[in-house]
Amino acid sequence: MTAASTPKGERRRQLLVVAAAELLSEGGFAAIRHRAVAERARLPLAATTYYFDSLEELITAAVRHEAEEELAAGRRRLEELAERRLGTEEVVELVLDLLLGTDSRDGGTESVLLRYERLVGSPRRPYLAESMRDLHSRLHELLAEIFRRSDADIGHERMLELIALVDGAVVNALIESDPDPRGAARRMLRAQLLR
């Protein structure tokens with residue numbers, strides 16, 4: 001039995017993962033450093049290298065944790081809406097929560113900008129490729145379930161088009177310094193769903 005597999009070890013490892021995920025959300029990949037993670041978790045610096053073989057392993061765990069939390073929150077929200085047909089507004093907000101994060105609900109660019117920086121920056125980190133493919137696939141499954149529960153007849157290819165439209169609207173809003181990129185994405189997605 002290793003120290004990481006004891007209850008105390010698992011708690012410490014989880015504290016480090018949560019701390020790294022928080023730093024990732026607040027400052028992107030560059031914010032995840034051994035010292036910063038240890039300080040955020042209120043653990044000794046040596047804990048980061050004791051429980052993780054590399055910074056890449058810690059970053060991967062943080063990315064997975066953040067995505068798992070978002071997917072779980074999206075699934076809970078969908079379950080709260082029971083087994084009824086979803087209206088356009090509910091679909092739009094659920095999709096935007098999953099694509100842009102719930103922090104984007106309050107408007108502003110910072111949380112959306114950090115999210116897109118992470119998404120665009122992840123291909124520069126080949127060690128994330130497998131996790132990103134898995135998480136992306138699971139995100140698509142949840143989005144497909146949301147669309148199935150609506151009146152929209154959306155197949156897989158159309159869903160990918162809608163995701164691309166949201167991404168394009170967000171990137172364009174960020175380039176133009178629009179103070180509400182989620183609002184721009186909302187308008188685009190709503191218009192497409194009401195066609």
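Over residues 33-52 the chain is 70% helix and 0% strand, and the end C-alpha atoms of this stretch are 12 Å apart. Helices here are DSSP runs of H or I with at least four residues, strands are runs of E with at least two, and both are numbered from the N terminus. UniProt positions are given in the numbering used here, feature names are shortened, and annotations may be inferred rather than shown by experiment. UniProt also lists residues 10-70 as "domain: HTH tetR-type", again in an unreviewed entry. That span is 79% helix and 0% strand, with 22 Å between its end C-alpha atoms.

The model is predicted: local features need pLDDT of at least 70, side-chain atom pairs count only at pLDDT 80 or more, and totals for chains, interfaces and linings use all residues. Residues are numbered from 1 along each chain as its sequence is written, and side-chain values use heavy atoms, with hydrogens and water left out.

The chain as a whole has nine helices and zero strands. Its C-alpha atoms fill a box of roughly 55 × 40 × 30 Å along the principal axes. Of the 195 residues, 41% are buried, where buried means under 20% relative accessible area, exposed over 50%, and partly exposed in between, with a 1.4 Å probe and protein chains only. Among contacts (heavy atoms within 4.5 Å) between residues at least 6 apart in sequence, 68% join residues at least 24 apart.

The domain assignment gives domain 1 (1-62) and domain 2 (85-194); such bounds come from an automatic or database domain assignment. The centres of the two domains, taken over C-alpha atoms, are separated by 28 Å. Their contact takes nine residues from domain 1 and eight residues from domain 2.

Helix packing can be followed from helix H4. Two packed helices are described by the angle between their axes and the distance between the axes. Axes are lines fitted to C-alpha atoms, for helices over the stretch in contact, and angles run from 0 to 180 degrees between N-to-C directions. Helix H4 (residues 55-80) and helix H7 (residues 129-148) pack at about 10°, with their axes 11 Å apart. H4 and H7 are therefore roughly parallel; angles under 35 degrees count as roughly parallel, over 145 as roughly antiparallel, 65 to 115 as roughly perpendicular and the rest as oblique. Residues in this contact include Leu71 and Leu78 of H4 and Leu135 and Leu142 of H7. By class, the contact has nine nonpolar, three polar and six charged residues. Ala, Val, Leu, Ile, Met, Phe, Trp, Tyr, Cys and Pro count as nonpolar, Asp, Glu, Lys and Arg as charged, and the others, Gly among them, as polar.

His65 lies in H4 and counts as buried because its relative accessibility is 17%. Not counting residues up to four places away in sequence, His65 touches Gln14, Val17, Val18 and Ala21. Leu142 belongs to H7 and is buried, at a relative accessible area of 1%. Leaving aside neighbours within four places, Leu142 is in contact with Leu71, Gly74, Arg75, Leu78 and Leu98.

H7 also packs against helix H8 (residues 156-175), at an angle of about 105° and with axes 11 Å apart. That angle makes H7 roughly perpendicular to H8. Here His140, Leu143, Ala144 and Phe147 of H7 meet His156, Met159, Leu160, Leu162 and Ile163 of H8. This contact has seven nonpolar, two polar and no charged residues.
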